[in-house]
Amino acid sequence: MRPMDDSVRMSPDTLLVSGGRPPRAPGAPVSPGVELTSTFVLPGDFVPGVPVYGRDSNATWQAFESVVGALEGAPEGATAFASGMAAGQAIFSLMPRGTRLVMGSTTYNAMLQSARDKADAGHLDLVLVDVSDTDAVRGVLPGADWLLLESPTNPLLQVADVPALCAAARDAGVRVAVDNTFATPLLQNPLLDGADVVMHSATKYLSGHSDVLLGVVIARDPDLVTAVRRHRTFGGGVPGPMEAWLALRGLRTLGVRFERQQANAASIAARLASHPGVAWVRYPGLPDDPGYAVAKATMRGFGAMIAFEPVGGVDAATAITHAVQLWVPATSLGGVESLIERRRRIPTEPGTVPESLLRLSVGIEDADDLWADLSAALDAATR
Ligand SMILES: *Cc1c(COP(=O)(O)O)cnc(C)c1O
């Protein structure tokens, strides 16, 4: 596995726990408060750096941002948004009219749909490519302006060689954005590989309890950070202070949660791979998975998302979502509870996703209990 970059001095497990705390002083709270205010006291003229209005800044956002920024190698560079999609719009806002954008043909459906809408409106020139095919991506970089990668991809679990593609993009003069939602900052840090901006749907692993919608964009270049913050202030997609606080509370345990989720996912994926009711399974941690070699070389773990297709097609897949009793049949991912979903039921899901693909978000329950429930549902639906 790849070690952390030297520029990130403390271990991420430590940063998660120690970051974003109030300054140490006798009587100071250990945990930051929720700054619930829309406005700030300020007589007289505007003073740079002094908060004025709740759409510009908020101390609870900043506590959350300081932890995520430090994890991604840009301590001053994180900007929180109301959702992952609001974060995605901030990235699109960096692309002026006429931008040629290279993007994965299988990308999180709402990001892909939004890019398609912008292309239809004549704003973007959109080029779709398989991001797990490094040569194919290199081939379409000449003449492009931005490369927007998601890796591993939602929901096909394709793995892009992020360091190689960042290097190729730099050579071609193409800026790079990475949606790091599935990997989390614990498994890869694209900014340290040369990406310009990184985004997360903090709704998922970072918050981790399926009780918050939140997003975040991280950049190292101060001009990009300024542009992203302007987009937040004037676009208005600001997070609620309570949501930022809940996400920070969730971050404290990301290290232990994700370790357990990954161990559970590895166990479930291996058992799915040898189940007669499973046509195929995708999990980058399986040694014969197409993404295994790149994930092993470029990431510090394999994540906790699995995709598989049961034998018996859509009917079997749907039956499984009805039959499970412990797995929750619901969209979204990254929480402590295990979720299962047939992705193509979502109207905007790309056609490159098979109709009977089931996506698993593996939680922190006991792996044997999870397998007992899933295998019983599989047996019943595929017998
Ligand atoms: C969920 C998700 C998003 C969108 O985030 P929201 O918080 O739902 O707005 C973007 N990218 C990926 C990979 C996601 O899984």
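Analyst: Pockets are found on a 1 Å grid over the protein atoms alone: a pocket is an open set of points where a 1.4 Å probe fits, with protein on both sides within 12 Å along at least five of seven lines, and its lining residues have an atom within 4 Å of a point. Grid points are joined across faces, edges and corners, and a volume is the space filled by probe spheres set on the points. The model is predicted, so local features need pLDDT of at least 70 and side-chain atom pairs count only at pLDDT 80 or more, while totals for chains, interfaces and linings use all residues. Residues are numbered from 1 along each chain as its sequence is written, and side-chain values use heavy atoms, with hydrogens and water left out.

The ligand takes the space of the second largest pocket (a molecule sits in a pocket if more than half of its atoms lie within 2 Å of the grid points). The volume of this second largest pocket is about 330 Å³. Its lining has 24 residues, with Tyr108, Asn154, Ser201, Thr203 and Lys204 nearest the centre. Helix H3 (84-92), helix H4 (109-120) and strand E6 (197-201) are the elements that each give two or more residues to this lining; helices (H or I, at least four residues) and strands (E, at least two) are DSSP runs, numbered from the N terminus. By class, the lining of the second largest pocket holds nine nonpolar, 10 polar and five charged residues. Here Ala, Val, Leu, Ile, Met, Phe, Trp, Tyr, Cys and Pro count as nonpolar, Asp, Glu, Lys and Arg as charged, and the others, Gly among them, as polar.

Around the ligand itself there are 14 residues, and Met85, Asp179, Ser201, Thr203 and Lys204 come nearest (a residue is near if one of its heavy atoms lies within 4 Å). This shell comprises five nonpolar, six polar and three charged residues.

Asp179 places a polar side-chain atom 2.6 Å from a nitrogen atom of the ligand. For Ser201, a polar side-chain atom is 2.8 Å from a ligand oxygen atom, and for Thr203 the distance from such an atom to a ligand oxygen atom is 2.6 Å. The protein buries 94% of the 380 Å² that the ligand exposes when taken alone, with accessible areas from the Shrake-Rupley method and a 1.4 Å probe.

Methods. Polar contact = N/O pair within 3.5 Å; in protein donor to acceptor, adjacent residues only side chain to side chain.
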